[in-house]
Amino acid sequence: MSEIGLMLLRMAVWLGLAPLLPGLINKVKAAVAGRRGPPVLQLYYDLARLWRKGVVLSTLASPGFVFGPAVAWLAVVAAAALLPLGPLGAVAGFRGDVVLMIYLLALARFATAWSAMETGSAFEGMGAAREVSFAVLAEAAVIAGVLALCVQSGRLTLADMLGESAGPGAALLGAGLFVVLLAENCRVPFDDPNTHLELTMVHEVMVLDHSGPLLAAVLHGAAVKLLFFAVLLVQAVLPMGHWPAGTALAALAGGVLLVTVGVGLVEALLARVAFRRVPLLLTSAWVLCVFALLVAWKGGGR
Amino acid sequence: MTGLLNVLVGVVMGLNLVALAGGRLPLLIRTVAVQGVLLGLMPLILEHESPDWKLAAVAVATVAGKGLLIPSLLLRALRVARIDREVEPLLGFVPSLLLGALGTLAAVVLTEFLPLRAEHAATLLVPGALASVLTGFILLAGRVKALSQVCGYLVLENGIYLFGLLLLGSTPLLVESGILLDVTVGVFVIGIIVDRIQRTFDSLDTRRLTVLRE
């Protein structure tokens, strides 16, 4: 296959398969609760419906209201482009791309918070404040985890770094990154995606005033972010670089599926923690990643 | 063998942090119990020419004492005195956790500079011991209730036990069993005292124990 074709395939995997994950999570939740649940492809239908609709714009909002979701979507997709898909490879990669990846995720968060505050709604400002304050701790955990991978493999490129496994600290890193995945994607112990009460929402309240294609961009970006963290988690734990391409691809797909089912089970079986306990949970995730870093540094680091 | 031992010590270090972050007394007591069981298994894993009956006796006594007897005494004291299950930290959970994590990191780094014998330097025993002692201190100083302070004392003792494992070949069995007996009696006495404190003060807050009376 030509290089261009491979490039398009990678982008198609990121953009096309991402909306499957929320559908799977909802299916798992429904199965645990004994319901039939919405179809797995529900998010695709929603996105198509939202795309055809018009946008309601507040007279107060500046153009930032429209730019925010667009910038956030682009930043998340760009971060996904840097992350290799196992043997398929990354859309783009260079020395030190891991730093850019972290900054792109931060940019996406900034853009979402910015557009949330554009309408001047008190609820949205509150949601943005929560999202950002959770993110401070979650980001520290991501940085510690990525640093552990760097130290373990002795490389600075995501593709090389993730080819190796996290070594003996893989379990620690996997647990830490899973908690980060739940926090970053606003899943259950941190935020309830199904809540109908604005006062308790975190992520949902930030996008209350977005409609039509803007909301579609927000939803699709969230799905890509979920897939992004699932792929990152699976590749950080498994030593995929040493396996034949077919096995690695199957392992990646199976791992992402497992993580998705895990998120669904967590969501079905756990209650959301109180806001004041969230910092403790995120600090624990950070400590797990720091200990993975310590293990990588003490043993097996090159 | 060293690999398995290091994994066990690593789990003990992790349990230290669970003890620091846990918000309920039964969780704290069970964490310390699991830690005790792991410590009891360690002498069997440590490399030795022939596993003799003394070693097995120490292991069985430690598992039974630290893993079953002491936790059941503490859980009984908790039940009898009808104590509220919340831990009530003086030092919040996040600062305790961060302090404990920092202490564990410092223990691992500092051990590099200690003049240890080659076979000891390869294991995590010394950093694990230092980290457990530090965790014990944090629990002793940072918690209000008498029962959580007992747990802090037990974690501290677990750290000292880890240090003792370095000298496993040369410590007489009598010393080991003496320490274990002391700890058990201590916890037994504390179990009674906890009941008395609760009856006298309607609370287990040790900050109230400031006045001496006849």
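Over all chains of this predicted model, the count of salt bridges comes to ten. One of them joins the side chains of Glu139(A) and Arg109(A), with N to O at 3.2 Å. Glu139(A) belongs to helix H6 of chain A and Arg109(A) to helix H5, residues 97-118, so this pair ties together parts that are 30 residues apart in sequence. The two partners can be told apart by their cover. Glu139(A) has a relative accessible area of 24% and is therefore partly exposed, while Arg109(A) is buried because its relative accessibility is 9%, under the 20% limit.

Arg109(A) has a further partner in Glu184(A), and here the closest N and O atoms are 2.8 Å apart. Since Glu184(A) lies in helix H8 of chain A and Arg109(A) in helix H5, the bridge ties together parts that are 75 residues apart in sequence. Glu184(A) is buried as well, at 7% relative accessible area. In general, side chains of opposite charge can pair when their charged atoms come close.

Another salt bridge brings the side chains of Asp191(A) and Arg272(A) together, at 3.9 Å from N to O. This pair links distant parts of the chain, 81 residues apart: Asp191(A) sits in the loop between H8 and H9 of chain A, and Arg272(A) in the loop between H11 and helix H12 (278-298) of chain A. Asp191(A) counts as buried because its relative accessibility is 1%. Arg272(A), at 25% relative accessible area, is partly exposed.

As a general point, rolling a probe the size of a water molecule over the atoms shows where empty space is left. The count in this model comes to three cavities of 30 Å³ or more, and the largest cavity holds about 100 Å³ of space. Its lining includes Arg109(A), Glu184(A), Asp191(A) and Lys225(A), along with Phe134(A), Phe190(A) and Val202(A).

Most residues other than glycine have a negative phi. Cys186(A) is not a glycine, yet its phi is positive, at about 55 degrees. With a relative accessibility of 6%, Cys186(A) counts as buried.

Val32(A), Leu257(A), Val261(A), Leu265(A) and Leu269(A) make a nonpolar surface patch of about 410 Å². Helix H11 (residues 245-269) of chain A contributes the largest share of the patch, four residues. Leu257(A) is located in helix H11 of chain A. At 45% relative accessibility, Leu257(A) counts as partly exposed, because that class lies between the 20% and 50% limits.

How values were computed:
Residues numbered from 1 in each chain as written. Chains lettered and ligands numbered in written order. Predicted model: local features only at pLDDT ≥ 70, side-chain atom pairs only at ≥ 80, totals over all residues. Heavy atoms only, no water. Patch = residues over 30% accessible without salt bridge, like charges linked within 9 Å, V, L, I, M, F, W, Y side chains within 5 Å. Areas by Shrake-Rupley, 256 points an atom, 1.4 Å probe, with all protein chains shown as cover. Salt bridge = Lys/Arg side-chain N within 4 Å of Asp/Glu carboxyl O. Helix = DSSP H or I, 4+ residues; strand = E, 2+ residues; numbered from the N terminus. Buried < 20%, exposed > 50% of the residue type's maximum accessible area, 1.4 Å probe, protein only. 1 Å grid on protein atoms, 1.4 Å probe; cavity = no way out; pocket = protein on both sides within 12 Å on 5 of 7 lines; lining within 4 Å. Points joined across faces, edges and corners; volume = space filled by probe spheres on them.
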